[in-house]
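Colleague: I would like to learn how to read a model of this kind, feature by feature. Could you take me through the general idea each time and then the case at hand?

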Amino acid sequence: MPETLGRLARFALRLGRSETIGSPAVEGFYGRGVRKTQLLDRPAAERALDMLSARLAGTPFISELVLPPVERSTPAPAVKNIGRARIAIITTGGIVPKGNPDKLKQSNSTEWRTYPIEGLDSLEAGKYESIHAGYDTSAANANPNYVVPLDALRELEHAHAVGSVYSRYYVTVGVGTAVTESRRIGREIAADLRANGVDAVILTAT
Amino acid sequence: MISALGPVASELGANRVVRGVKIPHPCGDPSLDAAGDHDLRVRLVRGSLKAISTTLEQAAIFDGVAA
């Protein structure tokens, strides 16, 4: 304890004097994920190749950018009777009614929306568009079913391969989306699915 | 999840991944004629329903056009 308090006190003095503070690894404090731009003497390409060589050789290296850990989940139980199930379509491909009436952002999304598809056998070209900033949208604009496969799912509904297609589809834009926002969007959509008796979803990504 | 980047989706935590066609058109192929493209899409969605009906102990990637 005395040693730790001494280190804390000396550190506090340096902060108080607005001295330059180094990285958590050097200074010994818990990192907060704050990034500071630095000029280094070797170009990034060389540093990256050194890391790759180390990875291939199985020798230790320190990543300059640490990715957030992946949270794995247990696979949901299989749907037992798909012929009676209510299926919803979700897309991160940014398909919205033409004109983007709710002004969904084209990247760095923080929102999601649903749009009605009751009585529609497919998404008609010209009435929908893709606002996603991360892929060439010409194919999706010519045929929105390439991203929201309503025509196919409706056909399978008529053939009783599924019980029903939920009356709305869900959309957000999946490019540059912060992990924390993605988690929140996912939880909110899941709650909406449960509230509306949806048994399973088809999520399309672009 | 239907994704053209199946292994990426699986690596990032998606448990049931069905291989899509390509990033800009995961559920279709504009190089096919209308009938062929539609048939492909129906098979892809049918494959997704199969994935939904399959019990899994861990994440799996499903062939996109399994009947």
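This is a predicted model: local features need pLDDT of at least 70, side-chain atom pairs count only at pLDDT 80 or more; totals for chains, interfaces and linings use all residues.

Modeller: Residues are numbered from 1 along each chain as its sequence is written, and chains are lettered from A and ligands numbered from 1 in the order in which they are written.

Colleague: What average pLDDT does chain B have?

Modeller: The term pLDDT stands for the predictor's confidence in each residue, from 0 to 100. Chain B averages 92, and 96% of its residues score at least 70; for the complex, the predictor gives an ipTM of 0.94 and a pTM of 0.81.

Colleague: In what order do the elements of chain B run?

Modeller: Helices (H or I, at least four residues) and strands (E, at least two) are DSSP runs, numbered from the N terminus. In chain B there are two helices and three strands, and from the N terminus on they run β-α-β-α-β. Chain A has six helices and seven strands, in the order α-α-α-β-β-β-β-α-α-β-β-α-β from its N terminus.

Colleague: How does the radius of gyration of chain A stand against the globule rule?

Modeller: The radius is taken over C-alpha atoms, and the rule is 2.2 Å times the number of residues to the power 0.38. For the 206 residues of chain A the rule gives 17 Å, but the radius of gyration is 25 Å, well over that value, so chain A is more spread out than a compact globule. Its C-alpha atoms fill a box of roughly 70 × 40 × 40 Å along the principal axes. Chain A is divided into domain 1 (2-57) and domain 2 (82-204), with bounds that come from an automatic or database domain assignment, and 43 Å separate the centres of these two domains, taken over C-alpha atoms. For chain B, with 67 residues, a compact globule would have a radius near 11 Å, and the value of 12 Å agrees.

Colleague: Which elements of chain B give two or more residues to the side that touches chain A?

Modeller: Two residues are in contact if their C-beta atoms, placed from the backbone, lie within 7 Å. On that basis 30 residues of chain B are in contact with 31 residues of chain A. The elements of chain B that give two or more residues to this side are β1 (2-3) and α2 (34-52), and α2(B) gives the most, with nine residues.

Colleague: Which residues of α5(A) are buried, and against what do they pack?

Modeller: A residue is buried if 20 or more other C-beta atoms lie within 10 Å of its own, exposed if 12 or fewer, and partly exposed in between, with C-beta atoms placed from the backbone. In helix α5 (residues 150-158) of chain A the buried residues are A:Leu150, A:Asp151, A:Ala152, A:Leu153 and A:Leu156, and they pack against β1 (86-91) and β5 (164-165) of chain A together with α2 of chain B. After α5(A) comes A:His160, whose phi is positive, near 65°.

Colleague: What span should helix α6 of chain A have?

Modeller: The expected span of a helix is 1.5 Å times one less than its number of residues. For the 17 residues of α6(A) (residues 179-195) this should be 24 Å, and the end C-alpha atoms are 24 Å apart, which agrees.
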